[in-house]
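Below is a short briefing on one protein model.

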Amino acid sequence: MESGRNSLSIPCAPHCQNHESPPTTGLFIPADKRYLHLLLGYVTEICHIVNLSDTDLFHLEVASEEAFINIVEHAYPDCKPGNIYIEARMKPTELVLSFRDEGIPFHDSPKEYPLVISSDGDIQSPHGLGFQIMRNTVDEVRMENLGKMGKVLHLIKRYPAPVEIEMAQNVHEIPEAPLQQYSIRPMQTQDASQVCRLFWLVYGYTYKNENFYRPEGLIDLNDNGRIVSYVAVGEDNDVVGHVGLIRPEPVLMAEFGLLAVSPAHRGRGLMGQLEDAIFAKAEEMNLVGLSINAVTSHPKSQKSAVKKDFVPCSIDLAACPPRMFKALVSDSVPAQRESYLHGFKYFNTPPPRTVYVPKRHHNFVHTIYSKMQQSCTFSDPTPARTPGDYKIHYDRTLQKGIITVISADERQWPEIQRVVDDMVHLAGAEVVDLDLPVSQPATTLLFDLAESAGFIFTGIRPCQAPDGDCFRLQFLSIPFDLTHIQLYPNYGEFLLEYITTLMK
């Protein structure tokens with residue numbers, strides 16, 4: 001969103017440091033004795049940073065060497081290769097060195113070995129000698145089992161007095177750019193690197209589409225027509241703004257989004273100019289309309305949808321992992337998966353629809369079509385006469401599966417259900433979307449089966465199918481709190497109210 005401020009203060013390394021967490025570093029090395037000196041050098045430098053005495057440094061080196069050798073000799077039997085992951089957390093009162101491995105599980109713990117080294121250095125028991133040495137050289141030793149992530153050994157060394165170790169962050173002012181003229185035009189190949197830098201400046205590394213951090217990926221998306229990018233360019237040929245159309249399928253609509261304006265050039269109407277240009281491009285492409293997906297972690301993200309007369313027609317629950325969009329997330333509510341408010345805007349009078357949906361949803365569906373000023377007629381279902389067809393997609397980054405039914409056939413439900421189960425239990429999907437074609441007679445029968453299996457009806461996706469609209473149903477495999485969804489006043493609230501009744 002645009003801002004009227006003249007400058008913006010940002011850290012020199014944004015998004016990499018949490019002020020509430022102690023400074024933390026990490027090292028991972030093969031479980032091989034040849035890397036011991038590399039580990040000890042790392043430990044030495046960490047100790048220097050927190051100003052440990054030479055004696056404490058020596059003790060921590062001894063304990064670290066014992067932890068390292070113990071993992072090398074016992075964690076990976078049968079000469080199977082493995083790594084050791086070392087983390088140093090520099091707290092104000094103590095240093096915590098953690099050694100994690102993904103080797104064979106280990107049931108023993110340091111607590112099982114008493115302090116059996118006498119004052120004159122005699123060893124009273126050879127069992128657990130490594131643990132005994134560690135316990136005598138640091139203040140605390142803890143073993144923690146992490147399940148599939150292996151196990152971790154924590155060595156804790158406390159300071160004689162609190163240490164100031166908080167990382168200082170240099171803050172640089174981004175000054176307001178000189179007033180100038182801007183040109184709005186399609187993105188060219190040579191602009192891609194600047195667009196990637198722009199998205200980093202605006203979003204850090206929180207933007208969901210990683211191609212916007214890879215110039216070659218951004219170029220490829222534009223070349224194959226999956227994205228249409230427009231940029232705002234200043235008098236010095238710097239790219240200072242971006243907007244785009246997202247069109248992964250060759251249907252008569254596209255998603256409007258991919259908005260970013262450089263902080264140094266905000267407050268000059270660039271967002272509006274970019275929006276006007278991309279709307280004109282969409283009509284030039286003979287698209288019937290555009291959709292928009294506004295995040296629901298803050299109502300302000302939906303202002304553009306309200307301003308451009310997008311009609312809210314569904315809520316995409318749990319669409320992406322929490323805090324994917326840093327600039328729009330409020331710290332006042334616990335983090336959960338981000339949801340989108342899906343809106344649609346027709347360029348001309350929309351065509352009438354014949355709709356196949358269970359009668360219990362007729363009023364809700366009629367309300368959505370009425371708000372789009374589109375007529376709809378409800379018809380009775382009939383079983384499929386020909387074999388159905390569907391396609392699947394799984395996004396590992398978003399932990400989300402999508403099943404798109406192309407030809408509805410209720411006889412395929414057991415097969416679709418197996419796909420859902422595999423996505424959830426094998427691939428780790430936290431949400432699975434099921435899109436059903438609105439205008440096919442067997443859709444009602446699939447709809448009933450999906451709801452019986454736990455899917456929730458969350459709205460309509462206009463013009464998303466080759467033959468028209470889709471119903472969006474969703475299966476959530478994680479807890480989800482609808483009260484965290486924030487909507488712009490009098491915009492889309494009827495959707496949230498209806499979905500709330502379905503999830504009770």
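An open sheet is built from five strands in the order E2-E3-E4-E6-E5, with antiparallel pairing; strands (E, at least two residues) and helices (H or I, at least four) are DSSP runs numbered from the N terminus, and two strands pair if DSSP finds at least two bridges between them. The model is predicted: local features need pLDDT of at least 70 and side-chain atom pairs pLDDT 80 or more, while totals for chains, interfaces and linings use all residues. Residues are numbered from 1 along each chain as its sequence is written, and side-chain values use heavy atoms, without hydrogens and water.

- E5 pairs with E6 (residues 151-158) in the antiparallel sense over six bridges.
- Glu-144 is opposite Val-152 in E6.

**Helix contact**
- Residues of H1, including Leu-40, Val-43 and Cys-47, meet residues of H2, including Leu-57, Leu-60 and Phe-68 (contact means heavy atoms within 4.5 Å).

**Nonpolar cores**
- The largest nonpolar core has 81 residues, and Phe-256, Leu-290, Ile-403, Ile-416, Leu-434 and Phe-471 touch the most other members.
- Helix H6 (residues 270-284) gives the most to this core, seven residues.
- A nonpolar core is a set of buried Ala, Val, Leu, Ile, Met, Phe, Trp, Tyr and Cys residues joined through side-chain atoms within 4.5 Å; buried means under 20% relative accessible area (1.4 Å probe, protein chains only).

Terms used:
Buried means under 20% relative accessible area, exposed over 50%, partly exposed in between (1.4 Å probe, protein chains only).
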